[in-house]
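Open the model in your viewer and follow the stops below.

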Amino acid sequence: MDWGRIGADLDLAGHAVAGPLLDGETCKALAGLYEQDSPFRSRVVMERHGFGKGEYKYFSHPLPEPIAALRGPLYQRLVPVANRWAEAMGLDIRYPADHADFLERCHAAGQTRPTPLLLKYGPGDYNCLHQDLYGETVFPLQVAILLSEPGSEFIGGEFVLTEQRPRMQSRATVVPLGQGDAVIFAVDQRPVQGTRGTYRVRHRHGVSPVRSGARYTLGIIFHDAA
């Protein structure tokens, strides 16, 4: 993976596409976990909470091997971006190089529940624009990996990002993904260099309505939940 290009894309637009990180067989195996109960700690039906339509499940410990194998190394690659953003925004926080050390920080703050999740969408399902914060201790980047094959397994269901710039209207971006591809994106805010200095842009993300088929996505969030 070209981490120089990924870092530059994150600085420029608040998101970057990478991959494929997972092959088709692994994508299918992970999507197949959804019908089981033992890998998960909870299930959320989005319509009940006004989050959209569809549902998702949070994994419990221990995380499935492909997810555990990605979470720590991805964090390590993204720490330089996270610390660069924190410094540019004047935030009094720096992130440790190792993910285990960051999780200790989460647990000390009372955030002990794992946050990687598996999302399932069917025809008409969608995800409203939102942020995955889960507590006061937040890592500023997260990853979503598309597990289904667009065009053959589902139609629609585009990944959507918005950015809210100060005193301006929000701007939306549709991010095209193939099976196994990852989009890395800002959880909340990122710094942008303007003519009068650095300002903060706030981000949200969601999924447009699925028109047909079934769409599965793996979400990797690096902070744990309260």
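The radius of gyration is taken here over C-alpha atoms, and the globule rule is 2.2 Å times the number of residues to the power 0.38. This is a predicted model. For its 226 residues the rule gives a radius near 17 Å, and the protein has 17 Å, which agrees with a compact globule.

Show the C-alpha trace. Its atoms fill a box of roughly 50 × 40 × 35 Å along the principal axes. Switch to cartoon: the protein has five helices and 15 strands.

Color by charge next. The 24 positive and 25 negative charges have mean positions 7 Å apart.

Hide the surface and go inside. Of the 226 residues, 52% count as buried. In soluble globular proteins, nonpolar side chains tend to be buried together.

Select Phe139 and Leu147. In the largest nonpolar core, which has 41 residues, these two touch the most other members. Elements that each supply at least two residues of this core include helix H1 (3-13), helix H2 (24-32), helix H5 (99-108) and strand S7 (141-146). Select helix H4 (65-88) as well. H4 gives the most to this core, with 10 residues.

Which residues does Leu147 touch? Among them are Leu22, Cys27, Leu30, Leu118, Tyr216 and Leu218.

Terms used: Residues numbered from 1 in each chain as written. Predicted model: local features only at pLDDT ≥ 70, side-chain atom pairs only at ≥ 80, totals over all residues. Heavy atoms only, no water. Helix = DSSP H or I, 4+ residues; strand = E, 2+ residues; numbered from the N terminus. Buried < 20%, exposed > 50% of the residue type's maximum accessible area, 1.4 Å probe, protein only. Lys, Arg positive; Asp, Glu negative; His and termini not counted. Charge placed at Lys NZ, Arg CZ, Asp CG, Glu CD. Core = buried A, V, L, I, M, F, W, Y, C linked by side-chain atoms within 4.5 Å. Contact = heavy atoms within 4.5 Å. Lists of a residue's contacts leave out its neighbours within four places in sequence.
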